[in-house]
Amino acid sequence: MTTAPTTPTTPAASATPTERRATYPHSAGLRVVRHRHLSLLLHRRAAAVVTVLLLLLAGVMLLAACAGQTYVPPGEVWRVLRGHGGPYDLVVGELRVPRIVLGTLVGAALGLSGALVQTVTRNPLASPDVIGVGHGAAAATVLALATGTVASPGALPAVAVTGGLAAAAVVYVLAWRHGMRPSRFVLTGVGIGVALSAVVQLYLTDSELAAAEQVKLWLTGSLNGRGWEQAGPLARVLLLSLPALVWASRALRTLGLDADTAAALGVRVRRTQLGLTVLGVVLAAVATGAAGPVGFVALTGPQLARRLTRTPQLPLAASALTGALIVVGADLVARTLMPPLEIPVGALTSLVGGPYLLWLLGRSGRR
């Protein structure tokens, strides 16, 4: 009795289409996590990178709370955080911890904003600074001070947020020509940013010394003298943005494809681009209003996160943690590099981000 020869089959070949969809993510480094009616596609390397970034961020935050002109032991920091009081209540509880929390929130917001804007524009050189958000916030602040519209410094963050949103809206309207081309969007943002920067420079030239110094300090981006008053609104915006960020994390996967393929999959490309842009601009504007324009964080954070996770699209969680790590670490160096002088954190991030931008430009030119 003879039997017909059988051909070896692989699990992928013998499986049904449903089974193949379920097994493919595992072979690609992905894993489907299901809980009741909720399913989540998890990238295993990205999850490991997020865990490492969380640990690094916690370590840098602890070091920032300890280091300074007055060294505070970690045990005393923990004692203050638990509310037990002690001789370091003022240094840790009222000066360092609010500043660290604000830096973390600002960095996370800028990292998320950069990832969203770079995905929409399909350009690693794009950031909220490029499309005029920072320049719009600066110009609105300058005009409010020049005209006497704002009497109290506490209202300046709201003015900065309004200016950033208005500048981004103008860029979007001017860049729209039967659809939004990413290259046109970026170039229009650069042009609007240059014009708004000229407004700021004109004010600094003709204003009094005290007012000019106040604006200059704000324009560099600084956490000095800021704390819970600025961190509270930013934290609320980030919490309210969580549902939108969950939607954005799914939209980034399909929007990373070309427009025709995304449209064939049922994605409304223009509406998705508009939604991601609005979300990114809001996060960047609120962060700028809280600490001033901290340069290059939104540019470098997402790209570093992508190189660490090796994901096809820019990872939102890793981008947020990378941005937070950059800002908190830069502020720590800025506080302790030349005591008692405190360098604005924006000046330090720009000093590091400038060479990185040149490297990106050279890399794009070689391509």
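**Close-up views of a predicted model**

**Figure 1. Thr322, a buried residue of helix α15.** Thr322 has a relative accessible area of 6%, so it counts as buried. The model shown here, and in every view below, is predicted. Thr322 sits in helix α15, which spans residues 316–336. Its contacts beyond four places in sequence are with Leu53, Gly301, Leu304 and Ala305.

**Figure 2. The protein chain as a whole.** The secondary structure comprises 16 helices and two strands. Of the 367 residues in the protein chain, 44% are buried. Consider contacts with a separation of 6 or more: 70% of them join residues 24 or more positions apart.

**Figure 3. Thr277, a buried residue of helix α13.** Thr277 is placed in helix α13. The relative accessible area of Thr277 is 7%, which is under the 20% limit, so the residue is buried. Setting aside residues up to four places away in sequence, Thr277 touches Val120 and Phe185.

Figure 4. The largest nonpolar core holds 53 residues. Within this core, the residues with the most contacts are Val106, Leu116, Leu234 and Leu283. Val106 touches Leu234, Ala287, Ala290, Ala291 and Val294, with residues up to four places away in sequence not counted. In soluble globular proteins, nonpolar side chains tend to be buried together.

**Figure 5. The largest cavity.** The count is one cavity of 30 Å³ or more. The largest cavity holds about 30 Å³ of space. Its lining consists of Leu110, Pro128, Asp129, Val133, Gly134, Ala284, Thr288 and Ala298. Helices α6 (133–147) and α13 (269–291) each give two or more residues to this lining. By class, the lining has five nonpolar, two polar and one charged residues.

**Figure 6. The second largest pocket.** The space in this pocket is about 450 Å³. Its lining counts 22 residues. Nearest the centre of the pocket lie Asp129, His135, Leu219, Pro293 and Gly295. The elements that give two or more residues to the lining are α6, α8 (182–206), α9 (209–220) and α16 (345–366). By class, the pocket lining has twelve nonpolar, nine polar and one charged residues. Asp129 is also listed in the lining of the largest cavity.

**Figure 7. Leu145 on helix α6.** Leu145 lies in helix α6. With a relative accessible area of 24%, Leu145 is partly exposed. Leaving out residues up to four places away in sequence, Leu145 touches Leu156, Tyr203 and Val215. Leu145 and Ala212 are 67 residues apart in sequence. Their C-alpha atoms are 9.9 Å apart in space.

**Figure 8. Gly225 in the loop between α9 and α10.** Gly225 belongs to the loop between α9 and α10, where α10 covers residues 228–240. The relative accessible area of Gly225 is 77%, over the 50% limit, so Gly225 is exposed. Arg99 is 126 residues away from Gly225 along the chain. The C-alpha atoms of the two residues are separated by 8.0 Å.

Figure 9. Most residues other than glycine have a negative phi. Phe296 is not a glycine, yet it has a positive phi of about 70 degrees. Phe296 is found in the loop between α13 and α14 (297–309). Arg310 is not a glycine either, and its phi is positive, at about 60 degrees. The loop between α14 and α15 holds Arg310. With a relative accessible area of 62%, Arg310 is exposed.

Technical notes:
Residues are numbered from 1 along each chain as its sequence is written. This is a predicted model: local features need pLDDT of at least 70, side-chain atom pairs count only at pLDDT 80 or more; totals for chains, interfaces and linings use all residues. Side-chain values use heavy atoms; hydrogens and water are left out. Helices (H or I, at least four residues) and strands (E, at least two) are DSSP runs, numbered from the N terminus. Buried means under 20% relative accessible area, exposed over 50%, partly exposed in between (1.4 Å probe, protein chains only). Contact means heavy atoms within 4.5 Å. On a 1 Å grid over the protein atoms alone, a cavity is a set of points where a 1.4 Å probe fits but cannot get out, and a pocket is an open set with protein on both sides within 12 Å along at least five of seven lines; lining residues have an atom within 4 Å of a point. Grid points are joined across faces, edges and corners, and a volume is the space filled by probe spheres set on the points. Ala, Val, Leu, Ile, Met, Phe, Trp, Tyr, Cys and Pro count as nonpolar, Asp, Glu, Lys and Arg as charged, and the others, Gly among them, as polar. A nonpolar core is a set of buried Ala, Val, Leu, Ile, Met, Phe, Trp, Tyr and Cys residues joined through side-chain atoms within 4.5 Å.
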